[in-house]
Every structure is written in structure tokens, then in C-alpha cells.
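Morning, everyone. Please have a look at it first.

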Amino acid sequence: MDDKTKLIDAGRHPDMQGGAVNPGVFRASTVLFPTVAEFERPRHYPDVGYARYGTSTAFNLQEALAAIEGDGQCLTVSSGKAAVIQALLAFVEPGSHILVTDSAYGPTREFADGFLARFGVETTYYDPTIGSGIVDLFRPNTRVLFLESPGSLTFEVQDVPALCEAARARGIVTIMDNTWATPLYFKPLAHGVDVSVLAATKYIGGHSDLMMGTITTTPALADRVRHAVHDMGTPAAPDDCWLALRGLRTLAVRLAQHQAGGIEMAEWLRGRPEVAQVMHPALPEHPGHTLWKRDFTGASGLFAIRLKPVAKPALTAMLDGLELFGMGFSWGGFESLIIPAKLTRLRTATRWPEGGPTLRIHIGLEATDDLKADLAAGFERMARAA
Ligand SMILES: *Cc1c(COP(=O)(O)O)cnc(C)c1O
């Protein structure tokens, strides 16, 4: 079955919900057992019998997501960050060493540098484009290789198969944050990754109205990850699972539109005199374009630009007057966003060259002509203020 069909079909059980196309929202703490025999029966996921482990609302979503990720076990937790940290905690102990891409999402770094360091786990950041050269950084106590591709804010594309092959040969677990592409445009498990992590907050939800993380694991590591997730005790809420499942049904059409709008806007920005650089993997001049073309089947609507050097008041004049582009964290909803990115303090293994300001842009589902007019008016305000 094609992914587009799976998105519609997977995790749907009308026979169990009075014939309705969509499931109900099963809000619960207690889940009742009909008999002593049922109560005493050894329990295995997904029928664990207490709502902290999920209700059928979560199980429907997990089933649908696992189908798109390409088999394996999918668990849903309370945020994307919770998914990242619980995947990491499943595989480390005091004295462990982990390798994290230098382009990782900022809060992932904060967790590694703060919490993990306090508990005796050492982190080395690596150049996202290191490829099979990663072997030089392996130590006897390296437990996890953490990937994120394209990188947060800077969009370096990683050679995922090469990194995973090197790690597997040494028994090192690979975890990948695949929030940008979603499993529709990149399949971590099929490229050798052991644990695929998503901020479902972004494109899976797709409407800026929920927070959720998902962790999908190969069968070999499923027990280990499930224990870690259950120990942390932070499940996704049933209402959010329902919204995420509703979002998932339209993921293919939304992403296709984000992709088309994103590429059109990236190309338009490339031609603007105010712009020094556009960081979008689908543009042929992007350093990661060849890898992106080899491994990905599409691009989402998130990319970054670097402006030519401009004074702060001029940049402020541009951003403050935008009417369609909102300024705010998160992305992946139906609306366009723009945010100035501070990069230098987020890089330790590689250097982010000084220069003009970097802006991270999310292209929503608006008409691109309106988005261009909004940015063009912003550039005019910038010129007037300069
Ligand atoms: C947003 C994001 C997260 C965290 O997701 P939350 O639901 O906001 O906690 C993790 N990784 C990436 C790449 C993200 O963009």
C-alpha cells in the first residue's frame, strides 16, 4: 500500500466505535477489569490496563504512525522534547558517552549539557557532515549516536546510512530526530536508524494546537524503549492523540502544499538583493542537496535565510510590521512563521560564520503571492530604516 493510502486507512476501527469513521476520545485514569482472571493476567503492551500507558485513542494513533514509519513499535509522549530525552535515557547510564550532531535542536543540547552531564553521561558534538568519519569519535563507552537531518536552523543534511552503518558495526544505538521531513518524506528505520523520534507537535498535528512526541523503535529495541517511556510516566493526553490522528489523515496533502510553497518562496528569496544565502535542501546549490535527493522523497516548509549584514533597528522594522508571518516558536501548522535565529552559541564542533542575521522561515498554506508581498513590504521598511 502507498503511504498516502496508509495515512487514511491505518489505525481505523469503525467496527469498535459504532461504525463512526473516527474514534472517540477515551479520557481515563482507571481502566476496569471484568474478572479476577483478567486482573491477574500478565499484561503486555498495548493492553496494559492503566491509562498512563494509553487508552485506545492513543493506540489507534500509534498503530497509524507505526504503519507510516514502516513497522516497529510507536509510543506517544507529552512533547517532542519528552520523546528526545526518553529515547536517550533508554540507552545511557552513568559513565556512558554519547555523540550528538552539532546541528541538533537547541533543547536537545540543553538536556545533554545539563541533565545528562549531571548524571555522568558525557556528550561529544560532531560535525553533521562527518559521514563515516564518525568512527574516529567512537569510544569504548559510546552508547548512542544522535542524528537530526536536516539540522535545526542550518539545514545540513546528514549521510544517515553511513552514520548508522558505522554505529551498528560497534553496537552503538542510533536515534534520529526526524521532525523536519516526517516519516512521509524520510524513513529513518529503512535507512538504518534504530529509534525514530518526532515532534508530532509540528506537522503531524499540523494546526498549532497540540504538543506531542513520538518514539518509533525497531522490534529488537522495543522492550527497552517501552520500559524507559513507561518509567518516565508522561503519556500524550487522549484529546491530543485524537487531534494528532485527525492531523495525520491530511498529512500528505498538507506537506505537498508546504513543500511547493517552501520551494517557491526559497527561490524567490534567493533572487532578493537583501538575501546573502538560502538554506533549503531542495535548492541545487545547497551543500546537502545530493544527499537529500538520494534519501528524501520530499521537503517540508521549513528553511532559513541569511540576510546581508543589516543594523538591528532595520531588521526590527522589517519583522515588526509583517502581517502574515507570525513571530513565534514551533512550526508545522497551517500558518507562516518567521523568527530570528541565534546560532553562534549553538555550535561547538563546527563554526557558524559571523555575518548578517539568520531568519528561520516556515511557509504555511497561504497563497505564495500574498506571502511574497508581505516580505517585500518588510524589505522596503528595512531599507527605509537603514
Ligand atoms: C520542536 C522540536 C522538538 C521539540 O518538540 P516539542 O513538542 O516542542 O517539545 C524536537 N525536535 C525538533 C527538531 C523540533 O523542531
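One term before we start: a polar contact is a pair of N or O atoms within 3.5 Å. Keep that cut-off in mind. Also remember that this is a predicted model.

Now, the ligand. Where does it sit? The ligand is in the largest pocket. How many residues surround the ligand? There are 13. The closest are Gly80, Lys81, Asp177, Thr201 and Lys202.

Take Asp177. An N or O atom in its side chain is 2.6 Å from a nitrogen atom of the ligand. Next, Thr201. Here a polar side-chain atom lies 2.5 Å from an oxygen atom of the ligand. Then Trp331. An N or O atom of the Trp331 side chain is 3.5 Å from a ligand oxygen atom. How much of the ligand is covered? On its own, the ligand exposes 380 Å². The protein buries 92% of that.

On to the histidine. His258 belongs to helix H10, which covers residues 251–270. Is His258 buried or exposed? His258 has a relative accessible area of 0%, so it is buried. The cut-off for buried is under 20%.

What lies around His258? Set aside its neighbours within four places in sequence.

Note on methods: Residues numbered from 1 in each chain as written. Predicted model: local features only at pLDDT ≥ 70, side-chain atom pairs only at ≥ 80, totals over all residues. Heavy atoms only, no water. Helix = DSSP H or I, 4+ residues; strand = E, 2+ residues; numbered from the N terminus. Buried < 20%, exposed > 50% of the residue type's maximum accessible area, 1.4 Å probe, protein only. Contact = heavy atoms within 4.5 Å. Near = heavy atom within 4 Å. Polar contact = N/O pair within 3.5 Å; in protein donor to acceptor, adjacent residues only side chain to side chain. Areas by Shrake-Rupley, 256 points an atom, 1.4 Å probe, with all protein chains shown as cover. 1 Å grid on protein atoms, 1.4 Å probe; cavity = no way out; pocket = protein on both sides within 12 Å on 5 of 7 lines; lining within 4 Å. Sits in = over half its atoms within 2 Å of the grid points.
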